[in-house]
Amino acid sequence: MPERLDIIKTCKLFIGGSFPRTESGRSAPVHDGRGRVIAHVCIASRKDLREAVESARRVSDSWADASAYLRGQILYRMAEMLESRREEFASAISTTTPLTPAKARREVDASVDRLVRFAGWTDKFQQVLGCQNPVAGPYYNFSVPQPSGITGILSPDAPSLLGLVTMISAPLCTGCPVVAVASDSTPLPAVLLGEVCATSDIPGGVVNILTGNRAELIEPMAEHREVQVIAAANLKPAQRELIQTAAADGLKRIHLLEHSDSSWLDDDAAASPWEIDPYLDTKTIWHPSAT
Amino acid sequence: MTGVDSHTAGTTGWEYSPAPERTRVAIKDEYGLFINGSFCAPKSRRRFDTINPATEETLSRVAEAGPADVNAAVEAAKAAGPGWARLKPSERAKFLFRIARRIQERSRELAVLETMDGGKPIKESRDIDLPLVAQHFFYHAGWADKLAYAFPGRTPRPVGVCGQIIPWNFPLLMAAWKLAPALACGNTCVLKPAETTSLTALHLAEIFQEIELPPGVVNIITGAGETGAAIVEHPDVKKVAFTGSTEVGKHLARSVAGTGKKLTLELGGKSPNIIFADAAIDQAIEGIVASIWFNQGHVCCAGSRLFVQESIADEVIDKLAHRMRSLRIGDPLDKNTDVGAINSSTQLKTIERYIDAGGDEGAVLHEVNEQPLPDKGYWCRPCFFTGVQPSHVIAREEIFGPVLSVMTFRTPEEALARANNTPYGLAAGVWTNTGSKIFEIARKLDAGVVWCNTYNKFDASSPFGGFKESGFGREGGRHGLRAYVKF
């Protein structure tokens with residue numbers, strides 16, 4: 001008998017700002033490098049996914065209408081909260097992946113910096129991606145980017161934290177709420193990220209994080225009529241085809257990310273305006289100019 | 001209606017003398033496929049008639065490209081690709097400038113041909129379509145050697161062979177929208193015009209020969225849906241661009257799934273046009289005319305749902321009926337014609353089915369234009385419905401004809417909720433003289449193009465394209481280049 005029994009954490013889903021268990025009553029163990037069970041995570045169901053999309057829908061307008069300055073401060077707040085828990089995240093990564101503690105720390109640091117990077121983009125991408133158009137007539141004509149809507153995210157297995165942070169912060173920066181499915185193999189950092197969101201002024205429902213079987217959730221996510229954008233990283237060809245086929249009927253915007261280990265770390269590759277653009281629709285507004 | 005009737009030209013008092021456009025166009029008896037820089041007979045050995053929808057006379061016979069023809073066109077485009085992409089960008093630009101100039105020089109001929117083959121009034125093809133066609137090539141020509149500035153931090157490269165499928169409502173303009181950005185970005189193209197309106201694209205091919213565009217850079221093949229499907233499914237086509245119905249667009253999205261092909265879709269719409277009580281009413285009436293009766297309503301961004309604030313509904317409906325009565329319908333080649341022929345008998349039947357459905361569901365049809373219609377050809381009088389419920393078919397589905405559904409609202413919130421209550425999101429109009437309101441409504445409308453105190457304005461520098469099920473991708477402006485480059 002050990003002197004003190006460990007408290008094994010119950011990892012729950014993050015939906016609508018709270019931490020429910022999956023309605024399916026299923027869970028899966030998370031192992032450390034030596035095969036010891038260190039936690040259990042929920043296996044989210046289709047119904048949990050629908051619940052998450054519903055939560056996102058409720059705050060879709062208010063998040064899009066929030067000022068860019070406010071969205072920037074909230075993303076920065078997330079960075080602050082993540083910064084203060086760096087050790088815990090690094091340990092979760094190094095315990096559950098082959099990464100060395102040093103590499104795990106590097107990933108956590110990059111994730112904090114990534115949030116800061118996107119916090120700074122919230123009130124600038126409009127100026128980079130929008131423009132005034134010199135039409136041949138007496139009109140003011142300008143193109144402004146607007147958030148496309150609820151974004152479904154299938155984040156990569158590796159880097160589990162940096163991939164997820166990158167993929168949620170780009171749409172969040174534009175004003176899209178997100179429903180993210182964490183890595184199957186390394187869900188723990190995602191679970192912890194939900195806790196960071198819950199303490200960082202992100203309105204409930206703007207970020208929703210599910211753990212479980214990605215394969216089970218790909219199709220219902222791509223088919224869901226309220227989901228406007230699907231972003232997915234490092235998919236297998238068959239999964240790509242599955243998403244594109246399932247998303248065709250709703251004519252969803254699909255953003256497929258293909259990053260190497262090093263390009264995930266590279267801000268120019270992973271956090272440029274061209275990584276923000278897929279979550280935007282351009283609106284062009286005409287108005288006559290006359291006396 | 002009282003009072004206004006006595007002023008109406010056309011129905012009482014004044015008659016207009018015919019004012020036909022007399023420019024002659026040399027139309028060949030038959031046209032081949034434009035592949036690798038020359039016209040060739042189709043390997044399919046099949047041809048089909050193209051008619052003038054205003055007279056039902058056969059204008060010419062056009063080739064129907066089969067799979068072997070599609071393959072030859074794609075092969076030609078693929079072979080021409082590396083040379084075109086390697087060409088010094090400023091030289092590539094000069095080819096596009098040359099195209100623009102030849103279009104301007106041949107513009108009347110092309111306008112007349114567009115009107116004869118498609119049915120649109122000459123004043124529209126002459127004053128709107130053709131100037132925009134030339135502008136698109138001129139505008140995009142200038143981008144060819146400046147692409148790096150369009151994409152900060154990236155090095156844009158051509159995508160490869162582009163398969164481009166275009167509709168019959170703006171045949172030459174849609175060809176320009178597709179070809180100009182693709183060529184400027186260094187791609188080569190296989191373009192398929194719609195089967196009822198192939199002729200102007202084939203005359204554009206003659207221009208490509210005249211200006212010595214390298215063979216294979218643009219290939220124009222004619223045919224119907226099967227030809228289009230063969231282009232989309234060809235493994236060497238790397239980018240698909242389609243303008244047409246949402247139904248076909250969804251089908252294309254499924255057919256390119258998993259292939260890695262880039263896709264842009266410019267699809268249908270059921271665009272709202274919102275008139276507030278504080279709008280300049282007479283200007284708004286002209287805006288409604290432009291929004292729904294322009295090009296016989298064969299416009300994907302037509303303002304086919306009119307929302308009028310309740311307090312001015314009677315006035316707007318009276319004035320609209322008066323204005324509709326004065327529209328001149330008939331010979332599209334007459335310079336005074338406002339509303340031309342419906343593009344095809346198939347489309348006419350579709351429109352008539354919707355008009356019947358509107359009446360069946362209880363809406364009230366206003367069809368007060370009493371001008372005599374020509375004996376031959378496909379004609380539909382401009383009309384509008386009142387008493388339309390949001391659930392009615394005519395308020396939900398794209399009709400693609402000169403049929404307007406008029407509804408009323410009380411508050412801006414109601415107008416917005418109802419305007420956005422559609423899977424489409426292509427365009428929208430809003431009319432008010434209150435600046436703050438117009439910006440707020442424009443911001444909240446789910447539409448890729450919002451016309452404030454105007455409607456149906458287009459420009460090569462102005463991005464066009466939809467939200468939601470109206471498709472994705474933009475055409476025109478800096479944003480339109482994105483579809484034709486990879487990083």
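This is a predicted model: local features need pLDDT of at least 70, side-chain atom pairs count only at pLDDT 80 or more; totals for chains, interfaces and linings use all residues.
**Notebook: strands, domains and the A–B contact**

Residues are numbered from 1 along each chain as its sequence is written, and chains are lettered from A and ligands numbered from 1 in the order in which they are written.

**Entry 1: around S7(A)**

I find four bridges joining S7(A) to strand S8 (residues 207–210) of chain A, in parallel. Strands pair here if DSSP finds at least two bridges between them; strands (E, at least two residues) and helices (H or I, at least four) are DSSP runs, numbered from the N terminus. From S7(A) the chain crosses through helix H7 (residues 188–198) of chain A to S8(A), a right-handed β-α-β crossover. Right-handed means that, with the strands pointing away from the viewer, the path from the first strand over the helix to the second runs clockwise.

Strand S6 (residues 151–154) of chain A also runs parallel to S7(A), joined by four bridges, and A:Ile153 has A:Ala180 as its bridge partner. S6(A), helix H6 (residues 160–174) of chain A and S7(A) form a right-handed β-α-β unit. Within S7(A) (residues 178–181), I see A:Val178 and A:Ala180 pointing one way and A:Val179 and A:Val181 the other, all of them buried (20 or more other C-beta atoms within 10 Å of the residue's own, with C-beta atoms placed from the backbone).

**Entry 2: the open sheet of chain A**

I recorded an open sheet of three strands in the order S1-S3-S2 (chain A), with mixed pairing. Strand S1 (9–10) and strand S2 (27–31) of chain A are at the edges with a single partner strand each, so one side of each has no neighbour in the sheet. S2(A) pairs with strand S3 (residues 37–42) of chain A in the antiparallel sense over five bridges, with A:Ala28 opposite A:Val41.

**Entry 3: chain A against chain B**

I find 35 residues of chain B in contact with 29 residues of chain A, contact meaning C-beta atoms, placed from the backbone, within 7 Å. Strand S11 (residues 280–288) of chain A pairs with S18(B) in the parallel sense over three bridges, and A:Ile285 stands opposite B:Val450.

**Entry 4: domains of chain B**

By an automatic or database domain assignment, chain B is divided into domain 1 (30–267 + 468–486) and domain 2 (272–452). I note that their C-alpha centres lie 30 Å apart.

Methods: Two residues are in contact if their C-beta atoms, placed from the backbone, lie within 7 Å. A residue is buried if 20 or more other C-beta atoms lie within 10 Å of its own, exposed if 12 or fewer, and partly exposed in between; C-beta atoms are placed from the backbone.
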